[in-house]
Amino acid sequence: MSTSVSLAPRRLPEPAAMLRLIKPVTWFPPIWAFLCGAVSCGVPLGPNWMLVALGMVLAGPIVCGMSQAANDWCDRHVDAINEPDRPIPSGRIPGRWGLYIALAMSALSLAVGWLLGPWGFGATVVGVLAAWAYSAEPVRLKRSGWWGPGLVGLSYEGLPWFTGAAVLLHGAPRFEIVAVAFLYAFGAHGIMTLNDFKALEGDRVHGVRSLPVVLGPEVAAKVACTVMSLAQLLVISLLLVWSKPWHALAVFALLLLQFAAMRVLFRDPKGKAPWYNGTGVVLYVAGMMISAFALRGL
């Protein structure tokens with residue numbers, strides 16, 4: 001006697017898989033950057049706490065979550081090689097549900113962005129377009145190891161910082177805020193390059209020309225760290241020019257600690273990239289908030 005068991009494919013997504021799809025662990029950078037922007041503009045946060053909270057929710061769970069869902073849908077074939085246990089290739093989010101979730105969250109992003117006024121809505125439109133341009137054909141900027149991380153750096157750090165300031169100011173932030181936000185976004189290119197190490201094999205198979213694929217892990221790690229260091233050195237220089245020596249010294253001290261972490265990274269770039277993302281990147285974003293308080297005092 002033989003017994004056969006037929007398992008029917010899922011028709012509806014698994015709730016836990018839907019949460020994993022939008023990756024809560026990735027929400028922190030844009031939330032933090034939005035808060036940095038709000039701090040840097042000098043407007044009192046207390047009376048505007050609801051606006052700040054709404055902006056942080058928009059930047060993190062909604063827009064960033066949407067970008068993760070869109071990326072996983074567009075990357076489902078790559079993920080089947082790199083991480084087959086992810087929600088879409090594993091079948092826990094079946095059929096086209098990944099696409100439907102990404103589209104629904106895009107609409108939700110625009111609706112919530114509308115509540116933040118014209119500057120908030122405009123920034124949300126840019127963020128949604130950037131998310132799809134990064135992942136979706138025919139643009140799919142993630143195929144480039146230069147354009148892809150650059151776009152993500154701008155979207156994760158620069159755009160939320162600018163938006164946090166613009167929403168509270170009800171207008172365009174001053175030059176100093178834009179300059180520092182841009183530099184930290186530029187440096188985030190290096191963070192995104194290190195993040196590409198985890199998808200090295202699948203990227204090779206599917207023709208994604210990330211820097212770890214094109215340059216190799218050792219050279220890509222050095223390029224990433226150089227970009228992050230250069231951005232922070234430029235921020236330190238600007239803080240000195242703007243007569244904020246103590247803030248500049250604090251950011252420089254954090255950079256020295258990053259140099260120590262980089263030495264560990266260079267011994268095994270592929271193996272230590274996740275470790276560096278949990279150490280050196282924390283020091284990087286701490287410098288962002290110190291710089292935001294320096295701008296607040298200008």
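Predicted model: local features only at pLDDT ≥ 70, side-chain atom pairs only at ≥ 80, totals over all residues.

Colleague: Okay, what does His189 touch, not counting residues up to four places away in sequence?

Modeller: With those set aside, His189 touches Gly145, Trp146, Pro149, Gly150, Leu211 and Val227. His189 itself lies in helix 8, where helices (H or I, at least four residues) and strands (E, at least two) are DSSP runs numbered from the N terminus.

Colleague: And is His189 buried or exposed?

Modeller: His189 has a relative accessible area of 10% and is therefore buried; the term buried means under 20% relative accessible area, exposed means over 50%, and partly exposed is in between, with a 1.4 Å probe and protein chains only.

Colleague: Gly145 was in that list, so where does Gly145 lie?

Modeller: Gly145 lies in the loop between helix 6 (117–135) and helix 7, and because its relative accessibility is 2%, Gly145 counts as buried. Apart from neighbours within four places in sequence, Gly145 is in contact with His189, Arg209, Ser210 and Leu211.

Colleague: How far apart are Gly145 and Ala294?

Modeller: In sequence they are separated by 149 residues, and in space Gly145 and Ala294 are 33 Å apart, C-alpha to C-alpha.

Colleague: What about Lys23, what is its phi near?

Modeller: Phi of Lys23 is near 45°, a positive value in a residue other than glycine. Lys23 is found in the loop between helix 1 (15–21) and helix 2, and at 13% relative accessible area Lys23 is buried.

Colleague: Let's go back to helix 7 and helix 8, at what angle do they pack?

Modeller: Two packed helices are described by the angle between their axes and the distance between the axes. Helix 7 (residues 147–169) and helix 8 (residues 175–195) pack at an angle of about 150°, and their axes are 7 Å apart. Axes here are lines fitted to C-alpha atoms, for helices over the stretch in contact, and angles run from 0 to 180 degrees between N-to-C directions.

Colleague: Why are helix 7 and helix 8 called roughly antiparallel?

Modeller: Because angles over 145 degrees count as roughly antiparallel, under 35 as roughly parallel, 65 to 115 as roughly perpendicular and the rest as oblique, helix 7 and helix 8 are roughly antiparallel to each other. By class, their contact has 16 nonpolar, 5 polar and 1 charged residues, where Ala, Val, Leu, Ile, Met, Phe, Trp, Tyr, Cys and Pro count as nonpolar, Asp, Glu, Lys and Arg as charged, and the others, Gly among them, as polar.

Colleague: And helix 2 with helix 3, how do they pack?

Modeller: Helix 2 (residues 28–40) and helix 3 (residues 49–74) have axes 8 Å apart and pack at an angle of about 155°, and are therefore roughly antiparallel to each other. Their contact has 10 nonpolar, 2 polar and no charged residues; among the residues that meet are Phe34 and Leu35 in helix 2, and Met56 and Cys64 in helix 3.

Colleague: Stepping back, how many helices and strands does the protein have?

Modeller: The protein has 13 helices and 0 strands. Of its 298 residues, 51% count as buried, and its C-alpha atoms fill a box of roughly 85 × 45 × 35 Å along the principal axes.

Colleague: Last one, where is Ser229 found?

Modeller: Ser229 is found in helix 11 (residues 217–241), and with a relative accessible area of 8% Ser229 is buried. Leaving aside neighbours within four places in sequence, Ser229 is in contact with Leu255, Phe259 and Met262.

Definitions and conventions. Residues numbered from 1 in each chain as written. Heavy atoms only, no water. Contact = heavy atoms within 4.5 Å.
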